[in-house]
Structure formats: structure tokens, C-alpha cells
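Me: I'd like to learn how to read the inside of a fold. Can you walk me through one?

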Amino acid sequence: MARRRRIGSASAVEEEEINLTPMLDVVFILLIFFIVTAQFIKVPGVDITKEVVVNKQEIKPLAIIIAIDENSDIYIDKKKVEPNAIGYTIRELREDNPNGELIIQADSDSEAEALVGLMDVIAEADGRYPVNISAELD
């Protein structure tokens, strides 16, 4: 009888252990799902003071954002881009994001000439899509 008690008590200890492997598998699958489906909002990388307008049109967050700072320097993906390389950079970004909308964020102190020149370059490089200009809502 003593032998049966030892065998019985050993199996009772094994039954009391909790197997966490399936729960960890589910947690990792959920984590991967949220990482893959998350939409990351891109920012231009420079501080911009936008013009105030009364337009309420919203743009999807998966956009190609081009910024013009107060010195009329152009930034794409937090990198300063020379005017002669803008067309190439936009075509390169279109390969990664073919359906993303182009958004220009121009500082209110930047020169209008820089904005118009940028719009001309965008029309040349990517004339199929409209160009949106970001502004503060009133």
C-alpha cells in the first residue's frame, strides 16, 4: 500500500503543474498581429507652423509627407532633400507606397516660391495623384 501512495502522490504533483506554453503562443501571435496591422503615422521631422484654414478633409495616415520649414528647406522622412533630388526621392517612395497620398506641410514663414516649385516637381515626377497641402483647422 505504501508503494501505491507514492505513485499516486507523484501523479498528483504532475497534474497540479500548469502548462503555460499554449497561452504564450497565443500572446505572441496576438503581438505579431498587432505589429503587422498597425498603421504608423509619419511625421516630417521638422517643426512646422501651419496656416489656419476652414477645410475639414482628413487624410489617411499612410501618406508620403513632404515638409518645407521656415528656411524653405525641403524634408522627406526627416532628411533634408536637395531640390534636384526631390523627383527621384518621390519616385522611390512611390515604389514602397503606391497608393499613399502626397501631403505637403509648409511652414507659414516659408517662401511661396519653394511651395510652387515643389508642386511643379511633384507634378512632373508623380502627376497621377493630387497633391494635398496640410494646414491647421480653424
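**Reading the core**

Reply: Start with the largest nonpolar core, which has 16 residues; Ile 66, Ile 68, Leu 118 and Ile 122 have the most contacts inside it. A nonpolar core here is a set of buried Ala, Val, Leu, Ile, Met, Phe, Trp, Tyr and Cys residues joined through side-chain atoms within 4.5 Å. Two or more residues each come from S2, S3, helix H3 (86-96), strand S5 (102-106) and helix H4 (112-125). This is a predicted model, where local features need pLDDT of at least 70, side-chain atom pairs count only at pLDDT 80 or more, and totals for chains, interfaces and linings use all residues. Residues are numbered from 1 along each chain as its sequence is written, and side-chain values use heavy atoms, leaving out hydrogens and water.

Me: Which element gives the most to this core?

Reply: H4 does, with four residues. Helices (H or I, at least four residues) and strands (E, at least two) are DSSP runs, numbered from the N terminus.

Me: What is Ile 66 in contact with, beyond its neighbours within four places in sequence?

Reply: Contact means heavy atoms within 4.5 Å. For Ile 66 the partners include Ile 74, Ile 90, Ile 104, Leu 118 and Ile 122.

Me: Is Ser 72 buried or exposed?

Reply: Buried means under 20% relative accessible area, exposed over 50%, partly exposed in between (1.4 Å probe, protein chains only). Ser 72 has 18%, so it counts as buried. Ser 72 sits in the loop between strand S2 (64-68) and strand S3 (74-76), and its side chain reaches the backbone nitrogen of Glu 111 at 3.0 Å.

Technical notes
Polar contact = N/O pair within 3.5 Å; in protein donor to acceptor, adjacent residues only side chain to side chain.
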